[in-house]
Amino acid sequence: MHRATVGICEDDADLRAALVRALEAEDMAPRATATGHEAVTVFSAQPTDALIIDIMLPDADGRDVCQALRAQGVGSQVLFLTARDALVDRLSGFHAGGDDYLTKPFALAELLVRIGALLRRAPDNSATELGAGLRLDPAGHALHYGDGSEPLTPTEFRLLAALAARQGEVVRRRDLVAAAWPDGAIVHDNTLDSYVARLRRKLRTLGADATIATARGVGYRLP
């Protein structure tokens with residue numbers, strides 16, 4: 001049975017040690033780092049199933065660390081730890097490639113529940129054939145067509161994966177939001193529409209014939 005690996009980037013030594021102990025107690029395999037530079041070096045070379053990244057690091061912003069890892073093809077699920085709970089701060093974490101956030105101080109029990117939920121949502125690392133020459137690549141977090149590829153943000157990837165899982169069917173808007181965004185995220189109708197528009201642009205950039213069809217007032221369909 002696969003033992004989930006969880007990377008940690010936290011500069012507080014006491015909290016870092018507590019996270020390691022808590023994850024080990026849940027039969028996970030933690031790998032701990034203390035700086036952004038170390039995290040990018042270690043986790044780009046040794047990808048993990050999930051990452052816990054503190055936003056306020058001594059040498060970097062955790063969101064920049066996440067973006068650097070995403071740019072190197074790291075598709076791990078990312079949970080940000082932050083002392084800021086304003087909506088703009090949470091949204092900036094999602095835009096940086098994060099999958100969830102937890103505001104300090106927090107209970108370790110809640111962190112474990114959130115990590116467990118992220119691990120259950122993690123995609124299979126085998127590429128998905130979408131037809132017409134399109135491939136959805138979980139390992140590289142990218143969409144491939146012929147010799148070209150377009151990188152996908154975690155939200156774009158989950159959204160396209162949800163459509164691909166029910167290819168040919170209309171997927172309701174609420175189901176797409178539930179699949180692509182963390183529980184509790186505030187997602188307006190135009191936010192979903194904006195992400196679909198971004199995916200359509202990437203399909204056009206690749207020169208693919210396929211597109212995402214709209215079922216007005218209901219949802220979207222990948223033919």
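## The I8–I52 bridge

I8 has its bridge partner, I52, in β3. Strand β1 (residues 5-9) pairs with β3 (residues 50-54) in the parallel sense, over four bridges; pairing requires at least two DSSP bridges between two strands. Strands (E, at least two residues) and helices (H or I, at least four) are DSSP runs numbered from the N terminus.

This is a predicted model, where local features need pLDDT of at least 70 and side-chain atom pairs count only at pLDDT 80 or more, while totals for chains, interfaces and linings use all residues. Residues are numbered from 1 along each chain as its sequence is written, and side-chain values use heavy atoms, leaving out hydrogens and water.

## The sheet

Let's step back to the whole sheet. Its five strands run in the order β2-β1-β3-β4-β5, forming an open sheet with parallel pairing. β2 (29-33) and β5 (100-103) are at the edges with a single partner strand each, so one side of each has no neighbour in the sheet.

## Two helices meet

Here is how α1 and α5 meet. Their axes come within 11 Å and cross at roughly 60° (axes are lines fitted to C-alpha atoms, for helices over the stretch in contact, with angles from 0 to 180 degrees between N-to-C directions).

On the α1 side, A18, L19, A22 and L23 make the contact, and on the α5 side L108, L111 and L112 (contact means heavy atoms within 4.5 Å).
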